[in-house]
Amino acid sequence: MEDDAPVIYGLEFQARALTPQTAETDAIRFLVGTQSLRYDNQIHIIDFDDENNIINKNVLLHQVGEIWHISTSPADKGVLATCYNKTSDTKVMTCAAVWRMPKELESGSHESPDDSSSNTQTLELLCHLDNTAHGNMACVMWEPMGDGKKIISLADNNILLWDLQESSAKAVLSSSTALEGKGQLKFTSGRWSPHHNCTQIATANDTTVRGWDTRSMRQIYCIENAHGQLVRDLDFNPNKQYYLASCGDDCKVKFWDTRNVTEPVKTLEEHSHWVWNVRYNHSHDQLILTGSSDSRVILSNMVSISSEPFGHMVDDDELSDQEDQHQEEK
């Protein structure tokens, strides 16, 4: 197989939720959660063998419902959280829980990609994030640089901060706050900032982006009408404080300096339909990946607003100063 050829892996069911395994530093691993109404849902553990350019996989059963969001502990390779649909008394609720995968699957797998999934194993439930009094869960966020014991969940218009105790087998609600205003306010997404000693998060509801201090649970900034339509996703620049990316149904991706939110620092208008996801590359923060329902994924090279605005992805002697300044291309 050629080096630049795509490596393709098929799922049995449709999927809308995936995440890297953030605690894994020795392997390239992703988790993908499926959505099936008729059958038990699954979490596929995808390991990429970059030396042989092949994908190894394992499958875990997630029997409680469709997976709408998935995230992994930054400290424990075997622990993850999911938001999933649950039907109760003809009502559909979106719940959240913390799980542990089997011990033998916590690190990179050597299973052949042609092996069948007949040896499917089941996740161990550690605890539920009880949201019965707060509404439907939108997402779960782990404290980025922490010990895996702090989680924030967004449920309808509530921000809930949880402490995981007893080897993550118990979740205690330590603090919370509610978004107040007219209409039925609901959070759509959120991100925990890796900066400021992990004391800030950003949330999206409708067309508004807000910043919160997790110590006081008070709002610290508000970007009203950040997008012309619904805001879908957020991500912080991992290497540059105060810089936040947002995307939404107005087909735009915007970059903000949260110290001055009157205008975006930069706006991208490359997509022709809703932009569902935006993510920074953690090694080279000038690289921004966006996914849209226009059936395109776009990788943008945003040198001018990166932590290295003169372009250090190549050796200094390979580019003249003038070429450095014109490096911002897609």
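Asp156 is found in the loop between strand E11 (150–155) and strand E12 (158–165). A strand here is a DSSP run of E with at least two residues, numbered from the N terminus. Phi of Asp156 is positive, at about 50°, although Asp156 is not a glycine. The model is predicted: local features need pLDDT of at least 70, side-chain atom pairs count only at pLDDT 80 or more, and totals for chains, interfaces and linings use all residues. Residues are numbered from 1 along each chain as its sequence is written, and side-chain values use heavy atoms, with hydrogens and water left out.

**Loops and turns with positive phi**

- Is Asp156 buried or exposed? Asp156 counts as buried because its relative accessibility is 18%; buried means under 20% relative accessible area, exposed over 50%, and partly exposed in between (1.4 Å probe, protein chains only).
- Asp206 lies in the loop between strand E15 (200–205) and strand E16 (208–213). Its phi is near 55°, a positive value in a residue other than glycine.
- Asp206 is partly exposed, with a relative accessible area of 47%.
- E12 and E13 form a hairpin with 4 residues between the strands, and Glu166 there takes a positive phi near 55°.
- The hairpin of E6 and E7 has 2 residues between its strands. Asp89 sits in that turn, with a positive phi of about 55°.

**The sheet of 4 strands**

- This open sheet has the order E5-E6-E7-E9, and its pairing is antiparallel. Two strands count as paired if DSSP finds at least two bridges between them.
- Which strands stand at the edges? Strand E5 (67–72) and strand E9 (124–128) do, and each pairs on one side only.
- From one strand to the next, the twist averages 35°. Angles run from 0 to 180 degrees between N-to-C directions, with axes fitted to C-alpha atoms.
- E5 and E6 run antiparallel and are joined by 5 bridges. Ser71 has Ala81 in E6 as its bridge partner.
- The hairpin from E5 to E6 passes through 6 residues.
- Strand E6 (residues 79–88) pairs with strand E7 (residues 91–100) in the antiparallel sense, over 10 bridges.
- Follow two of the partners in E7: Trp99 faces Leu80 as its bridge partner, and Met93 is the bridge partner of Lys86.

**Around strand E6**

- How many residues of E6 are buried? The count is 7 of its 10 residues, and E6 is mostly covered.
- Val79 is found in strand E6. Its relative accessibility is 3%, so Val79 counts as buried.
- Val79 and Leu126 are 47 residues apart along the chain, and 8.9 Å separates their C-alpha atoms.
- Lys77 has its place in the loop between E5 and E6. At 25% relative accessibility, Lys77 counts as partly exposed.
- Lys77 and Ala23 are 54 residues apart along the chain, yet their C-alpha atoms are separated by 5.2 Å.

**The pair E12 and E13**

- E12 and strand E13 (residues 170–178) run antiparallel, joined by 8 bridges.
- Look at Trp162 to see one of these links: its bridge partner in E13 is Leu173.

**The sheet of 3 strands**

- This open sheet has the order E22-E23-E24, with antiparallel pairing.
- Strand E22 (275–280) and strand E24 (297–301) stand at the edges with a single partner strand each, so one side of each has no neighbour in the sheet.
- Direction ignored, neighbouring strands of this sheet are turned by 20° against each other on average.
- Strand E23 (residues 287–292) and E24 run antiparallel, with 5 bridges between them. Leu287 has Asn301 in E24 as its bridge partner.

**The cavity**

- The structure holds 1 cavity of 30 Å³ or more. A cavity is a set of points on a 1 Å grid, over the protein atoms alone, where a 1.4 Å probe fits but cannot get out; lining residues have an atom within 4 Å of a point.
- The largest cavity has a volume of about 40 Å³, where volume is the space filled by probe spheres set on the points.
- Which residues line the largest cavity? They are Val253, Leu268, Glu270, His271, Thr290, Ile298 and Ser300.

- Over residues 224–260, the chain is 0% helix and 46% strand. The end C-alpha atoms are 13 Å apart. A helix is a DSSP run of H or I with at least four residues.

How values were computed: 1 Å grid on protein atoms, 1.4 Å probe; cavity = no way out; pocket = protein on both sides within 12 Å on 5 of 7 lines; lining within 4 Å.
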